[in-house]
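User: Please take one close look at the backbone of this model. Begin with strand pairing, then follow the chain geometry from there.

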Amino acid sequence: MRILACLLILAGACGDDDASTPDAAALDGALDRDFGPAPTCDAPAPADSSSCAPLATDYAPGADDTWDACVSDDGEYHRVQESISSIARVGAFEAIADLLFDPAAPPTSDDFLAARMLYQEEEGLDSRVARRYDPRFEVPEGTDCTQPGVPEEFPDYCVGPATLQPLILGGLNQGIAAADPTAAARVEAGLLWFLYASTNKEAYTCTTAAKDCDSSYAYYTGGEAARGGLGFARYVAEAAPVAHDRAWDGLLALRCWRDLDDAETATDLETRDLARAQLDTAITYGFAQILRARLGAMCDAGNGEVAAYHWAFVRTAGPALYATLGASERATVEAQVALDDPGAVDVAAFAAALDAYDCP
Amino acid sequence: MALGALAFVPLRAGAQDDPPDAEDVAPDPAEVAFGAEAEVVPDEPGESRARSTVTRAAMDERQPQSTPDALRWVPGVAVQQTSHAQASPYVRGLTGQRVVHVFDGVRLNTGIYRQGPNQYFFTVDEATVGSLEVVRGSGSVRYGSDALGGVIRAEPLRPHLGPVEGVVWRPRVRLRYGSADREVGGRAQLQVRWDDTAVQLGVGYRDVDRLRGGGVVRHRTGGGTLTRGDVAPWVPRFAEEADSPPSEWRTQLGTGFREATFDVRIDRRVAPKLRAFAALYGYRQMDAPRTDQCPAPEAPVDECLSIDRQWRTLAYAGLRGDAGFFRDLALTVSYQRHDERRRRDRPRSGVRFRWDDRVDSLGLAFRATTPLREAMPRVALTYGADGYRDEVHSGGEQAFTDLEPERVFALSRGQYLDDSLQVSLGAFAELEVQPLRWLTARAGARGQIVEVSAPSDPESGSASVDRTFRSLVGRMGLEARPHRRAAILLNVDQGFRAPNLDDLTGRQQVGPGFQFENADLQPERALTSELGGRVDLDWLRFEVWVWTTRIRDGIQRVVREIADCPPSTPDCQGSRDPFQLVNAPGSSRLFGGEGVAALSLPQHVALQGTLSYAWGEGPSLGDRFAPAGRVPLSRVPPLQGTFEGKWRHPATGLWVGAGLRWAAAQDRLAVSDASDPRIPRGGTPGYALVELRAGWRWKDWLQVSVLAHNLGDVAYKVHGSSIVGPARGVRLTLELGPR
């Protein structure tokens, strides 16, 4: 429905004689670019999840653990409020994915334009990307990323305006101008980074606004029930089912904490920190496994264009993990994502760096 | 005599058409305590109602920034400001489309008057207003649909009529400066009179900068330090001040505006007590950001929803006065165009939205009184009919501004459905009987029909609308005068409001979230019962009212779920809270009281105080978190009051005065209030503001007025407002030229 509406808009826009509308043929033109041969590399072996086990302090519904009985014990996420606006934004992500994120079917310029319409709907993805901050980074008290100059001063904390928004918008505009499939990969990576950062951020601010726990749940699952998931969750479930399962437990832990601590401003910060850590560990591991899977997809691509797509995705999304990697692993990842040529990537080293994450 | 903002007004004074010798003597403001007799308001519902008048002289002394602002000292009225360039008077707890606005007999309410506080009365240029009158309580018999909470009538400055020798030219200039928002502006006016004809021309302009408030108004409960919104409401945001921490910033983003006005009117006496007139009033507001959306809560500070232009043009012609059989004739033919362009800029995102709404209104209103029996028992019949036709054009577009060339896409619909229409026809009659010298009885009724139609827009999931609403309302009143200086008054008045185009078709971002239409709404109906008493002595005027208003099928906002949003409305689906208007099941109830006392002391000292209280509750609409049973109505003002004192020195023309305006905290919040980013968590704190006034008038040619406001430099918000009230500052007005 969304896409249909968007295409209708596009049809109207492209069909009128508005002088500001570029030539339709130019928009439809595919990128005249040589992506070279596919890289010759060995896809990393699937991550070993056999050692994965929750911590003793982790929450799991129905488990005999240290957590008091709470609303999450039936294994379902019980919303603080029935309506969660973030679900619509994940829906927009999925609609954009249908348009752009298939490396085997390069999008046209019109697809990018339609994707931008979806991205920049009123109260849509862009409105939240522009204000996203990452509270895991320490900044002086009162730092406000909405103020001019602050994102430039604290780019890690103000990840939305400093990094993600220019990244995503730049990708869309590049695609509109030249239908570059690697631009789609950057958009995909940027949006996934946003969903990852948002899941974390909303878990943090749930302390003073209980409904932000709902947003955390929605940014991860897209509002799906029964351990399902759209958006970020769909990617994690595909790349690392165990991480997806643990992420669900983390969301349930978050909700359990807010059920047990239902004051306007939460007071049980110890339980809060346990829940946050459980969720953060799971989704960070999941995010790393997505990159690992894409490295494999790059090696298995079979043609240069698809490989370039996956490499563009990995090198764009890789920096999302800098804050959580150890020093040597970070150095490895930084060195690899600096490479333009996917054929030059040390896939094994990159995968090993990602394997350093604790299995949730 | 003549004390207080509440004026005794003759029941059928026909005041603007008094004999020339009386009318030509311009009142001397120096002789006016609070200006109550400086202007005589033309008769409308009679002195039997609870009403207050603000005169030109009072406005000159108080120096309001806008026409609604001039009502802040009126009992029963609170003035909410969604932005710096708009203000919406609450009358007995109701506002927006539940209060009728009238300018010189022309109804200003149109089919797109918005629910809740709106900006429209701000477009009446304060500099052109001769007096304001607030009639509190329902009044649909005289004023038709929308008159649930009351009626606010603005009467323009009119040229004096009367025989003169030759041609008389009266140029006048007014200049004003305000320090809190660095307002600079003025008005130039020229009156030309000859024979029985007068022409008045005026132009005005002002440039208003960002408003400096008293500081951050913080939450009353809860809190934390994670985000700015944990400390204080997200609205308003403040401009960075390098030398101060954020908690001490004061200059508010999303404030400031520009305004230009023009007016021309010609009045001619066509019979001894009958005046013909034609007038044109133009208002042009530009670059007026909406404070609560400039930026939106949590959004980058450079994002802004701004009213690029809000242009209102009103042209009308008519007759006023006595015309044989028709006493107090008021016949007006009018045309009004309201043109609004809003723009949401998100520069970092390279996107811009723009919406255009225009409503063209044609109106015809007739009213007259015919005495049926002059001897006791006296009987008089007042009757009238009116009709208005509002045609709405609306559209919107989205543009990608960072593409070369810029790409622009038309949105399938604007805030309203293009080519919508609202037609309203009504007629009323009111009988007044005075069987005894001390007793007067009044009763009246109105029949009204309102038709609303709008085309469908399948792409946005908007259904067509074709509705007809018929209403019959009545009123009755008793006035007993046990003494010629005292009166006891009892009134029972019905009010009704047919859902308008805004209710039935509008989609818009409102303060607490996104509001979408409900094409199935039914009219809301009110019943106001009020009991009042007045004492009017030479040295004391005292008036008190207690009242209750019961609203059936009240149209209120209910929080909806995302799944309820209309199709293809991402701004609804992505908003924090979607809202829809519904008819509340059962009755809502407001009650309260107002009082005013004005005292005239020796040595030209005058004192006046007012006290107002309103309390409102309605049935729970089943919103999330709403308790079952009864819940507070949205944004009902708290207990509030004023006190003013003044001393004047007639020999020199000097005067000095002081004022105190206060409001208690309001912690009775509706569900939508609790999620409103303008309202502090736990409710709006109370406040008390002190101001000093002084002035000097030299003959009839020069007047200087000074106002020092908010002497305590208090950080305060009027309940429900976006803006923090002006910081400590001054306003200066200089007027040159003959009155």
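Analyst: Strand β1 of chain B pairs with strand β6 (residues 129-136) of chain B in the antiparallel sense, over five bridges. Two strands count as paired if DSSP finds at least two bridges between them. Strands (E, at least two residues) and helices (H or I, at least four) are DSSP runs, numbered from the N terminus. Within this pair, Thr55(B) has Ser131(B) of β6(B) as its bridge partner.

The model is predicted: local features need pLDDT of at least 70, side-chain atom pairs count only at pLDDT 80 or more, and totals for chains, interfaces and linings use all residues. Residues are numbered from 1 along each chain as its sequence is written, while chains are lettered from A and ligands numbered from 1 in the order in which they are written.

β1(B) belongs to an open sheet of five strands with mixed pairing. The strand order is β1-β6-β7-β4-β5 in chain B. The edges are β1 (51-55) and β5 (106-107) of chain B, each pairing on one side only.

Arg92(B) sits in the loop between β3 (86-91) and β4 (99-103) of chain B. Its phi is positive, about 50°, although Arg92(B) is not a glycine. Arg92(B) is also buried, because it has 35 C-beta neighbours inside 10 Å. The cut-offs are 20 or more other C-beta atoms within 10 Å for buried, 12 or fewer for exposed, and partly exposed in between, with C-beta atoms placed from the backbone.

One runs from Met376(B) to Pro377(B), with omega near -5°. Pro377(B) lies in the loop between β15 (351-373) and β16 (378-400) of chain B. The other runs from Glu404(B) to Pro405(B), with omega near 0°. Pro405(B) is in the loop between β16 and β17 (407-410) of chain B.

β25 (residues 540-552) and β28 (residues 587-601) of chain B run antiparallel, joined by 13 bridges. Arg552(B) stands opposite Ser587(B) there. β28(B) also pairs antiparallel with β29 (residues 605-619) of chain B, over 13 bridges. Ala598(B) faces Gln608(B) of β29(B). The hairpin of β28(B) and β29(B) has three residues between its strands, and Gln603(B) takes a positive phi near 65° in it.

Ala179(A) lies in the loop between α7 (159-178) and α8 (181-205) of chain A. Its phi is near 50°, positive in a residue other than glycine. Ala179(A) is buried, with 23 other C-beta atoms within 10 Å.

Further on, α11 (residues 241-260) and α12 (residues 269-299) of chain A pack at about 160°, with axes 8 Å apart. Axes are lines fitted to C-alpha atoms, for helices over the stretch in contact, and angles run from 0 to 180 degrees between N-to-C directions. That angle makes α11(A) roughly antiparallel to α12(A). Under 35 degrees counts as roughly parallel, over 145 as roughly antiparallel, 65 to 115 as roughly perpendicular, and the rest as oblique.

The contact includes Trp257(A) and Leu260(A) of α11(A), and Thr271(A) and Tyr285(A) of α12(A). Contact here means C-beta atoms, placed from the backbone, within 7 Å. The contact residues divide into 12 nonpolar, six polar and three charged. Nonpolar covers Ala, Val, Leu, Ile, Met, Phe, Trp, Tyr, Cys and Pro; charged covers Asp, Glu, Lys and Arg; the others, Gly among them, are polar.

Note on methods
Two residues are in contact if their C-beta atoms, placed from the backbone, lie within 7 Å.
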